[in-house]
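Please keep the sequence and the 3D view at hand.

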Amino acid sequence: MKANLFCRRLRVVLATAVTTLCCSTGNPQRSPVAATPPMGWNSWNHFAETIDDATVRAQADAMVSSGMRDAGYVYINIDDTWEGARDAKGEIQTNQKFPDMKALADYVHGKGLKLGIYSSPGPKTCAGYEGSYGHEEQDAQTYAKWGIDYLKYDLCSFHEKMKEAGSPEAGHNLMLGAYRKMHAAILKTGRPMVFSLCQYGADHVWEWGASVGGNLWRTTDDISDNYDRMSVIGFQQAGLAKFAGPGHWNDPDMLEVGNGKMKPDEYRTHMALWALLAAPLLAGNDLTTMSPETIAILTNRAVIAIDQDRLGKQGDRVWAQGSQEIWVRELDGAAKAVGIFNRFDWPQVIEIDWGKLGIKSGSKARDVWTGKDLEALSAKYAAQVPGHGVLLLRLTQ
Ligand code: GAL
């Protein structure tokens with residue numbers, strides 16, 4: 001009898017403790033998605049406003065035939081410009097470019113892939129299409145009905161509402177409320193959906209993105225297909241590692257690999273840096289016309305394994321001198337990924353003193369891009385790194 005009472009009390013105490021813990025961390029209930037950074041494709045970087053149903057199907061086909069699906073890419077994400085008007089009941093319709101979203105989702109699912117969509121908390125999206133303002137629950141239900149698995153929610157015209165709020169603080173709170181509202185609406189559907197926040201890294205989003213239900217949040221304004229823009233974004237992620245982890249990731253924007261305006265070494269830098277950053281890997285090129293080199297960069301299993309490492313610990317800069325930077329990411333099994341970057345446009349020898357970086361000499365090192373083992377690390381190492389390139393190593397004891 002006494003034992004029963006003790007058990008009941010213990011249960012109450014434990015339940016209270018769990019509730020308190022859950023609420024005090026500010027982490028809401030979240031979908032069981034994005035245990036590792038999401039991998040897939042997004043229409044915006046290459047197709048922008050020209051995206052349509054046939055193109056999405058062709059990208060899904062190519063994701064399978066190129067081997068990308070088997071390398072871990074899953075999401076086929078439609079960005080802005082799919083939206084039509086609302087019907088008499090307020091339900092969002094697709095425009096003529098997407099005749100049947102449910103049929104498209106079925107097609108994508110039939111290939112073992114998932115489908116993502118895009119909207120805004122504002123009345124209009126950034127390209128001027130219909131946003132979700134005032135229709136959040138209804139839109140989430142529609143997405144669930146169609147079979148959507150991922151929502152990118154882009155601030156866009158909601159900024160006007162924030163300005164009308166009267167003060168920056170009131171505007172900030174309004175934005176948090178808008179993201180919370182859509183997250184609650186998604187949860188209510190019962191369908192797991194990745195929730196991707198896009199407000200360009202304003203107001204230190206990494207500090208509160210997870211608390212409003214974000215599985216990932218953009219940390220910057222838009223990327224473009226050139227080394228300067230990509231590298232400025234990538235290298236400015238230093239210091240954000242502590243905000244990321246399984247289920248909630250920093251997002252330095254989608255990939256430009258294969259879009260044609262960077263050199264192969266620059267694209268390898270892009271991919272290596274994103275992997276060290278535990279960034280979402282959302283290809284942003286045309287998957288139907290990839291060169292073997294682009295496929296090799298996007299599907300390199302060893303680079304993807306760094307990005308998708310199950311510990312989910314984002315890497316950070318550990319050393320920098322002028323145009324030379326070293327970034328380290330802790331991996332499962334006491335392994336480490338090390339990126340030795342040359343930000344100059346010509347080759348450089350980068351002298352590394354492993355001891356100063358807290359790395360033991362004698363560690364085994366493999367060049368991730370070539371797959372070749374190096375000699376066991378001696379105390380110092382002179383790395384030959386091509387212009388705008390990277391030597392990416394995986395170290396094990
Ligand atoms: C921008 C966003 C881009 C893309 C675009 C669509 O605000 O950063 O990634 O989604 O809107 O209009």
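Which residues lie nearest the centre of the largest pocket?

## Basis

This is a predicted model: local features need pLDDT of at least 70, side-chain atom pairs count only at pLDDT 80 or more, and totals for chains, interfaces and linings use all residues. Residues are numbered from 1 along each chain as its sequence is written, and side-chain values use heavy atoms, with hydrogens and water left out.

## The largest pocket

Trp-44, Asp-79, Cys-126, Asp-154 and Asp-222 lie nearest the centre, out of 17 lining residues. A pocket is an open set of points on a 1 Å grid over the protein atoms alone, with protein on both sides within 12 Å along at least five of seven lines; lining residues have an atom within 4 Å of a point. The volume is about 190 Å³, taken as the space filled by probe spheres set on the points, which are joined across faces, edges and corners.

Helix 2 (44-47) and strand 6 each supply at least two lining residues. Both are DSSP runs, numbered from the N terminus (helices: H or I, at least four residues; strands: E, at least two). By class, the lining has eight nonpolar, one polar and eight charged residues.

## The ligand

The ligand takes up the space of the largest pocket; to sit there, more than half of its atoms must lie within 2 Å of the grid points. It is surrounded by 13 residues, the closest being Asp-79, Asp-80, Lys-152, Asp-154 and Asp-222. To be near, a residue needs a heavy atom within 4 Å. The shell divides into seven nonpolar, no polar and six charged residues.

Polar contacts are pairs of N or O atoms within 3.5 Å. An N or O atom in the Asp-79 side chain is 2.6 Å from a ligand oxygen. For the Asp-222 side chain, the distance to a ligand oxygen is 2.6 Å. For Asp-80 it is 2.9 Å. The protein buries 93% of the 310 Å² that the ligand exposes when taken alone (Shrake-Rupley method, 1.4 Å probe).

## The cavity

A search of the whole structure finds one cavity of 30 Å³ or more. In a cavity, a 1.4 Å probe fits but cannot get out. The volume of the largest cavity is about 70 Å³. Its lining includes Asn-42, Tyr-150, Lys-152 and Asp-251.

Notes:
A polar contact is a pair of N or O atoms within 3.5 Å; within protein, one must be able to donate a hydrogen and the other to accept it, and residues adjacent in sequence count only if both atoms are side-chain atoms. Ala, Val, Leu, Ile, Met, Phe, Trp, Tyr, Cys and Pro count as nonpolar, Asp, Glu, Lys and Arg as charged, and the others, Gly among them, as polar.
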